[in-house]
Amino acid sequence: MKAQTPPCELLARQDADYRGWLWVAPPRDSWLESGEGVVWSADLAVVNAWRAAGREAHAGLTLPPLAPPGAVLFWPKSHAQGEWWLRTLSATLPAGTPIQVVGEHQGGIKRVPKVLAAMAHACRKLDNARRCTLFATEAGEGTPDPEAGWEQFETHGLALATHPGVFGHGKLDEGTRLLLETLAALDARGELPSGPTLDIGCGDGILAAWFARQGHAVTATDVSAFAVAATQRTLALNQLEGETRQSDVFEAVPERFALIVSNPPFHQERAVDYGPAARLIEEAPAHLEAGGVLLLVVNAFLPYPDWLTAAFGEFETLADNRRYRVYRAVKSRR
């Protein structure tokens with residue numbers, strides 16, 4: 001369980017009864033997870049933590065009918081994602097339900113009054129401390145729009161679905177570009193395994209779609225419901241086949257693969273978190289066939305070499321542009 005975060009420290013000092021409230025897009029936090037209420041998060045790791053504690057938690061992009069006494073939205077670092085959450089929450093809850101919005105100043109919480117004004121919603125500042133601010137409003141009339149926030153862009157001959165909640169929203173990040181160049185070179189030399197392929201941390205689905213176009217049987221996973229939905233849309237846009245699953249690293253992936261490919265994350269909102277990437281590397285051999293390959297693109301300054309050596313014994317660097325590196329590790333056939 002994570003230590004208490006500044007937004008939760010601000011909430012904890014309120015003279016408010018939060019029992020039964022809906023907590024929306026919360027961080028991992030000791031005070032929050034030891035309390036009461038229901039969570040709604042696109043992050044499966046957060047949802048799993050609440051469920052493990054016997055708490056009600058919802059992981060998708062839609063919420064079943066609920067009538068909580070109130071809701072607290074934790075403002076994310078992406079302003080567009082925060083606006084999506086706020087509009088969707090307001091349209092989902094019964095009209096008049098109290099909604100509080102909390103977040104850190106460096107995360108853009110001060111933009112909330114302008115967002116609420118554009119929605120024609122009242123906004124009241126409740127408190128300010130720990131470099132955080134807490135605002136209050138209430139749900140309005142309306143119906144959630146399933147297409148809200150979704151856009152498309154094209155790259156590498158593929159149409160990609162994108163959403164503010166997805167890594168790299170609306171553009172191809174430099175690391176994935178380097179990985180795609182490396183994949184194309186390997187494919188041209190006949191060095192890509194042709195068997196079942198797993199894309200972990202699928203994001204907008206660019207890697208899953210690339211492999212599906214090459215004829216691979218692809219399974220694509222991500223801890224984020226936004227990313228899983230984006231990959232589903234990307235595959236459909238390009239008339240490609242592939243399976244998608246919401247999974248915290250290998251949690252929902254019991255089978256083995258000829259190839260595992262990933263551009264693993266190392267941030268949880270603004271905090272650095274190496275945990276998922278370390279678990280991916282440590283557990284990869286158990287999910288690879290004999291002779292199976294792990295391909296990663298990573299930030300050059302992170303400690304992946306030590307983890308790869310511990311898990312595989314040896315590995316090689318296929319590409320290095322000083323900011324990013326592509327590593328290949330092979331599971332022993334013995």
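Student: Why is Arg-51 called partly exposed?

Tutor: In this predicted model, Arg-51 has a relative accessible area of 43%. Buried means under 20% and exposed means over 50%, with partly exposed in between, so Arg-51 at 43% counts as partly exposed.

Student: Where is Arg-51, and what does Arg-51 contact?

Tutor: Arg-51 is part of helix α3. Leaving aside neighbours within four places in sequence, Arg-51 is in contact with Ala-57, His-58 and Ala-59.

Student: What makes the pair of Arg-51 and Ala-57 a polar contact?

Tutor: A polar atom of the Arg-51 side chain lies 3.1 Å from the backbone oxygen of Ala-57. The cut-off for a polar contact is 3.5 Å, so a pair at 3.1 Å is within it.

Student: Which residues of α3 are buried?

Tutor: Helix α3 spans residues 44-52, and its buried residues are Leu-44, Val-46, Val-47, Ala-49 and Trp-50. What covers them includes α2 (30-33) and the strands β1 (22-24), β2 (38-40), β3 (57-58) and β12 (243-246).

Student: How do you know whether Thr-97 is buried or exposed?

Tutor: Thr-97 has a relative accessible area of 6%. Buried means under 20%, so Thr-97 is buried. Thr-97 sits in the loop between α4 (79-92) and β5 (98-104).

Student: What does Thr-97 touch, and what does its side chain reach?

Tutor: Not counting residues up to four places away in sequence, Thr-97 touches Pro-68, Pro-69, Gly-70, Thr-137, Glu-138 and Ala-139. The Thr-97 side chain also reaches the backbone oxygen of Pro-94 at 2.7 Å.

Student: Now the helix pair. At what angle do α9 and α10 pack, and why is α9 called roughly parallel to α10?

Tutor: Helix α9 (residues 275-283) and helix α10 (residues 304-312) pack at about 25°, with their axes 8 Å apart. Angles under 35 degrees count as roughly parallel, so α9 is roughly parallel to α10. The crossing of α9 past α10 is right-handed.

Student: Which residues meet there, and how many are nonpolar, polar or charged?

Tutor: From α9 come Ala-277, Ala-278, Ile-281 and Glu-282, which meet Tyr-304, Trp-307, Leu-308, Ala-311 and Phe-312 of α10. The contact has eight nonpolar residues, no polar ones and one charged.

Methods
Residues numbered from 1 in each chain as written. Predicted model: local features only at pLDDT ≥ 70, side-chain atom pairs only at ≥ 80, totals over all residues. Heavy atoms only, no water. Axes fitted to C-alpha atoms, helices over the stretch in contact; angles between N-to-C directions. Helix = DSSP H or I, 4+ residues; strand = E, 2+ residues; numbered from the N terminus. Parallel < 35°, antiparallel > 145°, perpendicular 65-115°, else oblique. Left-handed = near helix turned anticlockwise from the far one by under 90°. Contact = heavy atoms within 4.5 Å. Nonpolar A, V, L, I, M, F, W, Y, C, P; charged D, E, K, R; others polar. Buried < 20%, exposed > 50% of the residue type's maximum accessible area, 1.4 Å probe, protein only. Polar contact = N/O pair within 3.5 Å; in protein donor to acceptor, adjacent residues only side chain to side chain.
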